[in-house]
Amino acid sequence: MKFRFSSFEYLLKILAEEKIGAEDYAIKRESFISGKSEADILIDLDRRIAVTRAALDRGRCESQRSLSGLTDGAAVKFATRSRVLVSDDLFSRAIGYALAVNEVNACGGKVVAFPTAGSSGIVPGAIWAWWDTRGPGGAEPPYDERLRGAFLNASLVGVLIAQNATLAGSEGGCQAECGAAGAMASAAIAFLEGLSLEQRFGAAALALKNSLGLACDPIAGLVEVPCVKRNAFVAAASLVAVELVLAGIESAVPFDEVVAAMKSIGDSLPQSIKENAEGGLAATATGIKYKAKMAQTQN
Amino acid sequence: MPKENVSIFDILGPVMIGPSSSHTAGVARIAFLTRKMFGRKPDQATVRFYGSLAATYRGHGSDKAVVAGLLGVSPEDERLSRGLELAAEALASGEGFPIDIIAEPAEPAPWHPNTVVIDLKAGDEKLRVRAASVGGGAIRIDEINGYAVRLSGELEALLVLHKDEIGVIAIVSHILAANRINIAGTSSHRKEKGDEALLVVETDGAIPPAIIKQIEGLPPVFMALRVPSL
């Protein structure tokens, strides 16, 4: 079996030739790369999935507050809000769950960088929201194959972006972190909805297109503003991408080409909006105020 | 040419303590590995943060992460966020050691912007590690005791400091082969012809202490140091 691929087009060809699902292929490929048994890889996969669930539950129960004051219990406020505009439970939970995981990260809790710490709420937020509202809900390891499959489909999207562009905000801006996570989440939800591999990567293409050019301009260089709330926005947008695909609406530009566009946009973004905290929101009056406040606690 | 072998666990991982994979997780991993490399409790540790780490270490908890790592707390352990308290408790009970943290104003130009230099001391034993947190929790060790290296911490490595003469590399690889240890990569550096040279061997799996002793006992070898994997 071929385990090296550099495009979705080629991955699709391998899977068709080998008549194997993306989830099983991801496990076999991991075993090939790492030299570990498939059973050990599943144990490691479950361990990581469990960390995402623990972070989510913690962020929703305990108000998270950071040293800077920029993170201040948004997930709890959202979960206990009295006025509701958009009442769909899946949509609502995706927002709340993504906030919860990313607030836990902002406050020094345990998370899985998926693909990065600053974007760690998006994929778990979307997947667990679907699982709790449209699936059987909750779970303990060993996890259901479908839940694992959602995490694996998301990971394969991430592998392709990592291989052909970047997942680092310092290299590609936030499109490479939250943007990539949104594409990954869309593929995961499309998988859970029973859509084909082409449709999953079609949803990923739609989601990624929507995040192209996104700046990485965190206030005081901290992984809080705009990161935490952006996790909520992008998790919600990943559901929009799948909703479009379910309606038969396709991305005009295929996934591989969107990734190439993301790479070229990332290369041309100025350094001041690639995680160095000098431009954009970091350079606003509010941004400068928080930077000065943090510099004081530093001394 | 694009990469083709990125692991799914590079995407779904690492499991880490927030908030930043580069400023918290990477730093925790550097400190944890440095302590593991030293292999004993130090009497004293000094940490120097450079560049972006010097500017933002408190907000990112890089100080907690580095202290916890030096105490041997795993980079995945939630106690990491209590690193400073743990260090104070350990010091009070006599189990710990003083750790100084210094924010250096500027890094020498060719260094990575997220660089940390750690000095550990126990009696006459000293270890200096310069490493960079290069993103997503990944690390790169750039210097060990003054010798330039380039290690990721993903593989076990052996550093052999030896007199630059014919056959040292062959003897070392022969010893490893005879003990069925597979070499994943090697590099060799020397200051001047006939002077000191450094051989870096990355291996699949750990090299037992007895074999390191054997290599250190070779006449042209001054020192052999194991660099464990994370």
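Two residues are in contact if their C-beta atoms, placed from the backbone, lie within 7 Å. In this predicted model, that criterion can be applied to B:Ile175, a residue of helix α6 (residues 168-178) of chain B. Leaving aside residues up to four places away in sequence, B:Ile175 touches B:Ile211, B:Gln214 and B:Ile215. Is B:Ile175 buried, partly exposed or exposed? A residue is buried if 20 or more other C-beta atoms lie within 10 Å of its own, and exposed if 12 or fewer do. Because B:Ile175 has 16 C-beta neighbours inside 10 Å, it counts as partly exposed.

Helix α10 of chain A comprises residues 197-211, and 11 of its 15 residues are buried. Among them are A:Arg200, A:Phe201, A:Leu206, A:Lys209 and A:Ser211. The cover over the buried residues of α10(A) includes α1, α7, α9, α11 and α12 of chain A. The length of α10(A) can also be examined: at 1.5 Å a residue, its 15 residues should span 21 Å, and the end C-alpha atoms are 21 Å apart, so the expectation and the model agree. After α10(A) comes A:Gly213, which has a positive phi, near 85°.

One of the helices that cover α10(A), namely α9(A), also packs against helix α6 (residues 122-133) of chain A. Two packed helices are described by the angle between their axes and the distance between the axes. For α6(A) and α9(A), the angle is about 20° and the axes are 8 Å apart. Angles under 35 degrees count as roughly parallel, and α6(A) and α9(A) are therefore roughly parallel to each other. The crossing of α6(A) past α9(A) is right-handed. Residues making the contact include A:Ile122, A:Ala126 and A:Trp130 of α6(A), together with A:Cys178, A:Gly182, A:Ala185 and A:Leu192 of α9(A). By class, this contact has 12 nonpolar residues, one polar residue and no charged residues.

The two chains also meet each other. Their contact takes 44 residues from chain A and 33 residues from chain B. On the side of chain A, the elements giving two or more residues are α2, α3, α5, β1, α7 and α13. Which element gives the largest share of that side? The largest share comes from α7(A), with eight residues. By class, the side of chain A that touches chain B has 24 nonpolar, 15 polar and five charged residues.

Terms used:
Residues numbered from 1 in each chain as written. Chains lettered and ligands numbered in written order. Predicted model: local features only at pLDDT ≥ 70, side-chain atom pairs only at ≥ 80, totals over all residues. Helix = DSSP H or I, 4+ residues; strand = E, 2+ residues; numbered from the N terminus. Expected span 1.5 Å × (residues − 1). Axes fitted to C-alpha atoms, helices over the stretch in contact; angles between N-to-C directions. Parallel < 35°, antiparallel > 145°, perpendicular 65-115°, else oblique. Left-handed = near helix turned anticlockwise from the far one by under 90°. Nonpolar A, V, L, I, M, F, W, Y, C, P; charged D, E, K, R; others polar.
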